[in-house]
Amino acid sequence: MFKNVFGSGFLVRTAHVILTWVITLILFLHDTDLRKQEETGELTLPILFVLLVLVSVLLYFAVSLMDPGFVLSDECDLQFTLGIAEETQDMIPQTTKSIRLRRCGHCLVQQPMRSKHCQTCQHCVRRYDHHCPWIENCVGERNHRWFVLYLAVQLVVLLWGLYMACHAPTWQLWLRTNGVLLGAAAVVAVLSLTVLLLLGSHLYLVSLNTTTWEFMSRHRISYLKHCGADENPFDRGTLRNLWGFFCVWEPVVWEHVYFKQGNDPI
C-alpha cells in the first residue's frame, strides 16, 4: 500500500522536511511570540504549533508514499469494474451496447472509467486527478481525500507561521534585527498563497465530483466529450459529492454512476 521511502522522490521529500523544520526552528530562535512564550514558560501554543507541524509532515509522507489507486491487473479490475458477482451485475442498467473498457497503450491493462495512465509513475491510476511533483506521487482515488486534508493542515501551519513571523510591535527595529526571519516570512507567504489556491481549487472540484484531469481535458475524454459544457455525469449534488468524497471509504464503480445518469454507452 505504501512506497519505499528511499525510492523515487526521496530528494523532494527530504527537501520538504528540511525546509519545514528549518523554518520552524527560525520561528523559535528569533523574536516571535513563540519564542517569548517559550521563555516565559507558557508552552501551550508552542507545543500546539510543533504538533501541528508534525501532523502536516506525517500527512505529507502518507500522501506521498500511499498507493494512489494503481490499476495492477486485468482480472481483478474487470471483476471490480463490471461486477462479476450476480448482485453487482443487477446494478448496471441494460443497454443496447456493452461497456467498452479502453486498454492502456503503455501498461496494457484495461482502464476502469475515470482512470488514466501517469507517465511519471508508469501506472494507470483510478479516478486520476493529477501527478503532483510536490509529493512525487499521483493524486488518485485512494489518497485524494488525504491530499486535501494535508493541504488544509499545511495552510493552517503556514498562516500561523506567517502571523508569528510578521507580528512585531516596531517594524523599523524588527527589520534591522530579523533579516533571516524576514526571508523565512517571504517563503512562508509564497507557500501560503500556493497552498490556499490549491486547496480552494480542489474543494471546488470535489464539490462538483470532477477531477483536475477531467476539468482540464474533458474535450479529449471519451466519456465526457459528448457532454455539454455544464454537464457532469458524476455530479450528485454538492452535499452528496462532499459526503461521498470525505466520508465514503468504499471504492466506487463509476460505470454504475455514469449509466444511472442515463448516458449513452461509450
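**Entry 1: charges over rings**

I began with lysine 116, which lies over the face of tyrosine 128, 5.1 Å from the ring centre. I call a charge "over a ring" if NZ of Lys or CZ of Arg is within 6 Å of the ring centre and within 35 degrees of the ring normal. Arginine 114 lies over the face of phenylalanine 234, at 4.1 Å from the ring centre.

**Entry 2: what I am working with**

This is a predicted model, where local features need pLDDT of at least 70, side-chain atom pairs count only at pLDDT 80 or more, and totals for chains, interfaces and linings use all residues. Residues are numbered from 1 along each chain as its sequence is written, and side-chain values use heavy atoms, with hydrogens and water left out.

**Entry 3: ring pairs**

I searched the whole structure and found 13 aromatic pairs. Rings of Phe, Tyr and Trp (its six-membered ring) pair if their centres lie within 6.5 Å; planes under 30 degrees apart are stacked, over 60 edge-to-face, and the rest tilted.

One of them is tyrosine 223 with phenylalanine 234, edge-to-face at 5.8 Å centre to centre and 75° between the planes. Both residues of this pair, tyrosine 223 and phenylalanine 234, are buried (under 20% relative accessible area, with exposed over 50% and partly exposed in between; 1.4 Å probe, protein chains only).

**Entry 4: phenylalanine 234 again**

Phenylalanine 234 also pairs with tyrosine 258, tilted, at 6.0 Å centre to centre and 40° between the planes. Tyrosine 258 is buried too, like phenylalanine 234.

Which residues do ring pairs link into a cluster? I noted Tyr223, Phe234, Trp254, Tyr258 and Phe259.
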